[in-house]
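My notes follow in the order in which I took them.

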Amino acid sequence: MSQRDRLVRAKRIVVKIGSALLTNDGAGLDLPSIAGWVDQMAALHQQGIELILVSSGSVAEGMSRLGLRERPSTLHELQAAAAVGQMGLVQAYESQFMRHGIQAAQILLTHDDLSDRKRYLNARSTVKSLLELNVIPIINENDTVVTDEIRFGDNDTLGALVANLMEADTLMILTDQEGLFTADPRSVPDATLISEAWADDPELAGMAGDGGRLGRGGMITKVRAASLAARSGATTLVASGRQPDILVRAVKGEALGTLFLPKDTPWAARKRWLAGHLQTRGTLMLDDGAVRVLTEKNTSLLSVGVKQATGRFRRGDMVQCVSEQGVLIAKGLVNYDHDDVQKILGQPSHKIEALLGYIADPELINRDNLVLV
Ligand SMILES: Nc1ncnc2c1ncn2[C@@H]1O[C@H](COP(=O)(O)OP(=O)(O)O)[C@@H](O)[C@H]1O
Ligand SMILES: N[C@@H](CCC(=O)OP(=O)(O)O)C(=O)O
């Protein structure tokens with residue numbers, strides 16, 4: 001089997017489009033190119049592939065709208081340019097997706113949103129709902145509120161974190177080069193393209209340099225992003241957005257760009273992360289029926305199957321699930337705070353809203369966030 005078949009089998013793809021590509025050399029957005037990428041995404045969407053777009057370009061578009069020739073150097077000017085430019089960016093995508101009858105949604109994220117587990121779960125649920133509604137989320141960094149130390153800065157990292165968040169099987173980073181070369185082709189013209197590599201190969205970082213005038217991170221952040229995405233089992237393709245039909249051809253298995261391979265499947269990677277990395281904050285005691293469906297059918301945990309809850313856990317915390325005999329069955333990220341769980345113990349999901357006055361999720365622990373032990 002060719003490693004390119006991984007892309008042929010892709011079901012959920014995060015597409016990242018960088019500043020270097022999106023602009024007409026700094027003079028605003030390259031609208032014909034945006035129309036072309038949207039056509040390709042629409043074609044993939046039509047095939048039933050779930051797509052999440054991480055797009056840069058707000059600063060570049062803001063510079064153009066404000067008549068600035070140079071990228072602003074102070075943070076607040078950058079933030080102002082981003083705020084102006086984000087309008088044009090989403091407008092451009094929205095009108096192009098509308099041509100295909102596809103709804104798009106804007107999501108602006110910060111690093112904090114993904115490191116705080118409650119907000120992480122909220123972001124995940126929202127994006128998941130959008131995908132279920134056949135909407136294409138368009139994500140950028142929330143430049144207005146971030147400060148120097150915490151900003152992703154480049155959107156390659158944001159793309160990888162979104163791939164982690166949504167357990168995407170594929171991250172496609174489109175840029176202005178064909179992929180990762182053995183050295184920066186701007187300064188080393190005879191550098192050669194690397195077709196495939198292990199995402200965690202430490203030698204890759206030595207080949208990758210920094211970015212151009214408009215881009216932020218360069219190739220080094222793409223190599224790091226590939227390694228980050230591999231942690232949740234995603235395969236990363238770095239390829240040129242200027243290649244005609246790049247996204248569609250890549251999904252057909254054509255050998256374009258550089259493919260960064262993960263060692264784990266997304267499922268195995270997530271289960272390993274859940275099992276190993278998080279401290280548990282409470283315990284749910286399940287009735288026999290819940291133990292049976294969890295272990296035999298690998299289902300989500302519903303409140304109806306929980307008899308008792310102990311510990312002061314919050315939504316997004318890891319809790320352990322034990323049987324009535326005290327045997328540890330599973331661990332998972334719980335969707336409700338401990339005091340709300342007390343109110344819905346043993347109750348069917350359709351009563352949650354009446355009991356709490358709101359419903360966060362119909363399950364107490366979603367099967368994606370649950371690992372049997
Ligand atoms: N080894 C390398 N292979 C390919 N490109 C490289 C390499 N090292 C540095 N680069 C540079 O990285 C740039 C792409 O990164 P960047 O400017 O940040 O774009 P984007 O906005 O798409 O993220 C390319 O224009 C290229 O000159
Ligand atoms: N969030 C900002 C900066 C992100 C950025 O340029 O990143 P990248 O495209 O990875 O070089 C923007 O939309 O302009």
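**Entry 1: D176 and its partners.** I began with D176, which has 16 C-beta neighbours inside 10 Å and therefore counts as partly exposed. The cut-offs I used: a residue is buried with 20 or more other C-beta atoms within 10 Å of its own, exposed with 12 or fewer, and partly exposed in between, the C-beta atoms being placed from the backbone. I found D176 in the loop between β5 (170–175) and β6 (196–198). Helices (H or I, at least four residues) and strands (E, at least two) are DSSP runs, numbered from the N terminus.

I noted that this is a predicted model, in which local features need pLDDT of at least 70, side-chain atom pairs count only at pLDDT 80 or more, and totals for chains, interfaces and linings use all residues. Residues are numbered from 1 along each chain as its sequence is written, while chains are lettered from A and ligands numbered from 1 in the order in which they are written.

I looked up the record next: UniProt lists K16, T175 and D176 for "binding site", in an unreviewed entry. They span 161 residues in sequence, yet no two of their C-alpha atoms are more than 12.2 Å apart, so they gather at one spot. UniProt positions are in the numbering used here, feature names are shortened, and annotations may be inferred rather than shown by experiment.

**Entry 2: K16.** Is K16 buried or exposed? I found K16 buried, with 29 other C-beta atoms within 10 Å. K16 sits in strand β1 (residues 12–17). Setting aside residues up to four places away in sequence, K16 touches V54, N155, D156, G159, L171, M172, I173 and L174. Contact here means that the C-beta atoms of two residues, placed from the backbone, lie within 7 Å.

**Entry 3: a second annotated group.** The UniProt annotation "binding site", again from an unreviewed entry, also covers S56, D143 and N155. These span 100 residues in sequence, but no two of their C-alpha atoms are more than 11.3 Å apart, so they gather at one spot.

I placed S56 in the loop between β2 (50–55) and α4 (58–66). S56 is buried, with 28 other C-beta atoms within 10 Å. Beyond four places in sequence, S56 touches I17, G18, S19, L22, N140 and N155.

I placed N155 in helix α8 (residues 155–166). N155 counts as buried, with 27 C-beta neighbours inside 10 Å. Its contacts, leaving aside neighbours within four places in sequence, are K16, G18, V54, S56, N140 and E141. I noted that K16, from the other annotated group, is one of these contacts.

**Entry 4: helix α8.** I checked the length of α8: at 1.5 Å a residue, its 12 residues should span 16 Å, and its end C-alpha atoms are 16 Å apart, which agrees. The expected span is 1.5 Å times one less than the number of residues. How many residues of α8 are buried? I counted 12 of its 12. E167 follows α8 and has a positive phi, near 50°.

**Entry 5: helix α4.** I found α4 mostly covered, with 7 of its 9 residues buried. The buried residues are S58, V59, A60, E61, G62, M63 and S64. Their cover includes α2 (19–22), α5 and β4 (136–141). G67 comes after α4, with a positive phi near 70°.

I then looked at α4 against helix α5 (residues 75–99): their axes come within 6 Å and cross at roughly 95°. That makes α4 roughly perpendicular to α5 (65 to 115 degrees). Axes are lines fitted to C-alpha atoms, for helices over the stretch in contact, with angles from 0 to 180 degrees between N-to-C directions.

**Entry 6: positive phi elsewhere.** I noted that N134 has a positive phi of about 65° although it is not a glycine. N134 lies in the loop between α7 (117–132) and β4. N134 is exposed, with 11 other C-beta atoms within 10 Å.

D245, also not a glycine, has a positive phi of about 55°. I placed D245 in the loop between β7 (235–240) and α11 (246–251). D245 is partly exposed, with 16 other C-beta atoms within 10 Å.

Conventions:
Angles under 35 degrees count as roughly parallel, over 145 as roughly antiparallel, 65 to 115 as roughly perpendicular and the rest as oblique.
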